Every structure is written in C-alpha cells, then in structure tokens.
2 protein chains.
Amino acid sequence: MVESTSAATSHRASEILSSARTMCDPLLREAVSSLPEPLCRMGGYHFGWWDAEGTATLQPGGKALRPALTICAAVACGATPRVALAAAAAVELIHNFTLLHDDIMDVDQIRRGRPAVWTIWGVPDAMLLGDALHSLAARVLVTGLPGRTATAAIAKLESAVIEMCHGQHKDCRSRSAGPIDVEEYARMAMGKTGALMGCACALGAVCAQAERPTVTAMDTFGRELGMAFQFVDDLIGIWGDPKVSGKPASDLARHTMSLPVVSALGSGTAAAAELATMYRRDPDSMDTARATALVESAGGRESTERLADGRVRAAIAALADPVAAADLVVLAGMVSRRNH
Amino acid sequence: MVESTSAATSHRASEILSSARTMCDPLLREAVSSLPEPLCRMGGYHFGWWDAEGTATLQPGGKALRPALTICAAVACGATPRVALAAAAAVELIHNFTLLHDDIMDVDQIRRGRPAVWTIWGVPDAMLLGDALHSLAARVLVTGLPGRTATAAIAKLESAVIEMCHGQHKDCRSRSAGPIDVEEYARMAMGKTGALMGCACALGAVCAQAERPTVTAMDTFGRELGMAFQFVDDLIGIWGDPKVSGKPASDLARHTMSLPVVSALGSGTAAAAELATMYRRDPDSMDTARATALVESAGGRESTERLADGRVRAAIAALADPVAAADLVVLAGMVSRRNH
C-alpha cells in the first residue's frame, strides 16, 4: 500500500513538473528569442531546445522544479496557474543565469549531460548570456505582471539573487579556505539553493495577492525544501548513478566539500581522520571507492539523509494549509526521494 | 572671447558633474552598504570610497557622467533633480556592473588608476559583485520610483543591458575575428556605450513623466553623445596623457581595434598597410611611437575627431528644446573636449 501510494505520488510529481514546463515554455522561448544573436542561440542551447548550431533537439531541459513551485504556490493561495506564469518564467531565467555563471566559476564542464556553454562559446560569451538572462527575468516580470505585483516581485527576486551571490561566494571560498562545519555549510546552502526556491514559492503567493504572512510561510516552505534539495543533491553527487544524474564523476573525485563530507569530517572518527588526509592530497591520486566507504562509515551519508528529511518536514510544517497546498507536498516528497 | 566662453562652459560642466555625484552618492552608498560582506567592501573599493581593507580614501570615483545625464534630462523636461535620483543611481550601478564584468573579459588590470577588483579578489568574486550591482540597480528603481514609473524604467534599463551585452560580445569577437570597418565599429560602440547613455537620458524623461516623443528624443541625444564619448575615449587611448587618463598604456601597445585604428586601416594608404603588418605581429614587439605616427598619417586621428564632432552635433540636434536642456548641451560640449 505504501509503495503504491509512493508510486502514485511520484507519478503525480512528474505530472506537476511536466505541466509547469509546458505552461512556462512559451514565455521562456519568447524571452530568449528576443535576444540578439548569438546570445539567442546560446540561450536555446543552454535550455536544451537546440544544439550548438541551432538545430532543434529532443534534449530534456531542466526539471522545471522552480517554475512548478511558483505555480503550485499560487494555486495553493487560491489563484489560477496563469497569474503566476511570468513569475515562474522569471525564476527559471534567474536560475539559469546563475547556472551559467557558476559553471564558469566552478570550472564545471558538463551541464545537464552536455558541454557547458562556456566550454563551447568561451567565458566572455557565457558571462554575457548570464547577464542577459538576468535582464530578461526582470523584463518578463514588468511585462507580464500588473504594476504593483511586478515591483514587489522584482524586489524579492533581486534580493534572492544577492543572497545567491553571497552563497556562491562562500562556496568558492570554502574550497580554498579549508574545512567548514555543518552549520556553516547549511548557511551556504541556504544562500545558494534555499533563497531562490523560497523566492519561487513566495512569488507564487505574491501573484495570487496573498497576505504577507502567507507570502512569508511560502518563502519558508521553499527555503526548507531548497535545503533538502541541496542535501539530496549532495547524496546523488556521491552515491547517484552518473548515467541518471548527468553528473560526470563523484564529488569525492573533485574534493568537493559537500554535506556528507563535511559531516563525516566533523565526526571525530578514525574514518574522518583518514578522509581528511585523502582530501589534503592531490585530487588526481584520489581513491574514490575508499573515500566513499570512509564517508559512509563516518556517518556522513546517514546524517545527510537525516538532515534532508528534517528539512522536508520543516518545509511541510511551514504550510498554513497543507491540504490546499497538496501539490507542494507532492513536490516536497519528490525532492526527498529523487535520484537525479 | 571664445576661449573664456569655453573655460566658463568647462567650469559649468564640472559643477554639473560634481552636483550629480553629491546628489547620487547617498543612494549609491546605501545600496552598496546593503550588500553582505565581502561584496559590500569590494563594492566600496570599486566605487573608490575606500581601499581594499575598507578604510575610507579620498580616491576620485567615476565621473558620474551618466547620473548627471539622467538628472539633467529630468530637469530639461521640467522636473526637479530629486525625482530622477533613483534612476540616476540605478544607471550608475549598471554602468559599474558592466565595468566589473568587462574588466574580467578584457583582462584589464587597471580601473580608474587602481587595480581592478578581479585582480585583488579573483574572477569569481568580481563576477558576483557585478551580478549583485545589477540586482541593486533594479531594486533601487522599485524602491525609489512610483510603481508605473519604476516598471517603465526597469524595462528600459534591462533592454539597455541586453544591448550592452551584445556590444561587448561584438567587441570581444572583433579582437579575434580580424579587421572590421567603421560602420561595424559604430554599431559595436552603440551597444557598448550608446545604449546606456541613451537609457540614462531617457530615464530622466521617464521620471519627469514626459511624453513618449520626448523620451525618444532624449534617448537619441544620449546615444549620439555616447558614441562621441567612445570616439573621444579612443583618441585619449592613443594620444591622451596616461597620468591624466588613468589608462596604463597606449591602446596601440595592446593591439586594440579602436576607431582611429579601424579608420586608419581602412584608408587604403601605405601607412595603413604598414600598420596592418604591425598589428599582425606579436604585441610585445610593438613600436608604439611608430604605430601612433602611422595612425595619424593614415588619417585615423582626424577622421575620428570628425566623427566624434558629428555625433555631438547630432546629439544636440535631437533635443526638442536646447534652451531648456542647456545643461545637457554643456555636458555634450565637455564630452567633445575632454582629455580624460
């Protein structure tokens, strides 16, 4: 019974995401198509609509989780999906602008299983495309929303961007500045992932003309869910199937300071000490299988699963009316169980 | 008589710029101070308010030409400077966001006579600061302007950013793709410099609640002036005094394809052929004095001066009421005569 419920919920989550993608796609394509060449072509490539030459592909794009959150939050507040589409598209544009810039900073060569934009067009053009998507997001809001809703939405979205910049700064710094603890990691993840998911949900409520406490509750739901998403992402980065996740190699092979590692290193165990020694050596000499076993035996996997689970519970607890927000609860369940 | 008029005009231009800087400074400082550390400190360093450790300096910041254009355009449309301050600050934030990103792309190590932000804090942090200033610009508009004015201003400002991204793309491309002609150069300069100066003036008119034809005329004025500004900048890049301009070396030493060079290369003269040969060689072996003489004898200097002059005339001709816009005319005169 539990399993069939879970299968039904998982099916419903796919439906929600697919429907959000279908609803937002025209707005996103219209926005990206308004860019001058070659930014337009680069944008369509990045979103997975066409290849580097501009030929249409059947590549799957992003999951559209953030647009789905915006739409479902609006619906949970009693509005139709339609009122939230511009906000959903704007959030997705911001998400993709930060992916473009983060891939440059992190020297990540693969994005969604394909070469990242900067590896094809170079760093300057990828920076410029990111800047242009940032602009498009604001423009989509002012053209797609009524005046006062647009200005409220822009204030929230730009504040989220500033939080994300701060989170990404901390993330870059943590790679060079040595070990951080679980609390510091959580603050960084809140900026990098929580802020925009919180904003996605809050904007749904703003578009539905919800009262301020509801907007705040939606923001909290999205932030907690964003943290859970990041923690699960960290689990996938070590124990996920690269063929499914599209991630080229284990996070451990690159000495990434993800939550399971941070948590393992802070465990005070013999495994932690051995892992710390391995992390001080050249990444090229990394024995990934051994490191994985050490993270697991130091409790890094279990504690990350527990923390992710706690964040999902906190997210759902923040909802004023979980029944009206049933689709948000479904998405929260998907985040905690996803494997890619 | 002509000289004393010119001196009086030059004095008046300094007053206009200084007054614009004084009026905008509190808004800019408030915006940058709202950033989390270390973005706040980096921002204050970039604006010239303090050194890299955060200690206040007496460094001169930027010229504040764009904020002055916004304020003077509003005044020319019958408004008080106050109504345009948020727009003036937003334009200056956008200008500085693009400087931060351009310096990374162009590997420019010096900005306003000091080490560029990326040379001190690294490329990722400089990218993030640029992204954050972009967000601040939109936030300053929604918090500082009445609803409908704010949304109109954001639409214009973000469109200008997209044009600037396109212009910077062309500029980067022109360095690797070989010679371009004067028309292509002008299109690139319109994106890189004209778009934001046009937007600065248009926003002044928007804040003054001017009619659409007035907004368009102000946009044209600013765009033409921006082109003149870029052309004069190109002259300074070769014949200016590095001590005054803050530019470390002649554009020719770096093989920059500025307008005097593009114009000289297209002249069909023997000097053009010799210059082309020099530009194909390693920049380290560049005889800058010889190249400067070649650009001059191929007519590159004279034609650039003529083109700049033509753009200033076109700018002033676009003004519906040059008497009401006297301060804009003064600024136009300053742009055509400036030497830094």
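Student: At roughly what angle do the axes of helix α3 and helix α8 of chain A cross?
Tutor: Roughly 35°, and the axes of α3 (residues 65–76) and α8 (residues 182–207) of chain A come within 7 Å. Axes are lines fitted to C-alpha atoms over the stretch in contact, with angles from 0 to 180 degrees between N-to-C directions; helices are DSSP runs (H or I, at least four residues) numbered from the N terminus. It's a predicted model: local features need pLDDT of at least 70, side-chain atom pairs 80 or more, while totals for chains, interfaces and linings use all residues. Residues count from 1 along each chain as written, with chains lettered from A and ligands numbered from 1 in written order.

Student: Which residues of α3(A) meet α8(A)?
Tutor: Among them are Leu69(A), Ile71(A) and Ala73(A), and their partners in α8(A) include Leu196(A), Ala200(A) and Leu203(A). Contact is backbone-placed C-beta atoms within 7 Å.

Student: Switching to chain B, which residues of α12 are buried?
Tutor: In α12 (residues 270–280) of chain B, Ala271(B), Ala272(B) and Leu275(B) are buried (20 or more other backbone-placed C-beta atoms within 10 Å; exposed is 12 or fewer, partly exposed in between). Down the axis of α12(B), these buried residues fall within an arc of 95°, so they line one face of the helix (the arc is of directions from axis to C-beta atoms).

Student: What's on the face turned away?
Tutor: Ala270(B), Thr277(B) and Arg280(B), which are exposed. The cover over the buried residues includes α11 (259–265) and α13 (288–297) of chain B.

Student: Where does Pro38(A) sit?
Tutor: Pro38(A) is in the loop between α1 (2–33) and α2 (39–46) of chain A. The peptide bond from Glu37(A) to Pro38(A) is cis, with omega near 5°.

Notes:
Helix = DSSP H or I, 4+ residues; strand = E, 2+ residues; numbered from the N terminus. Contact = placed C-beta atoms within 7 Å.
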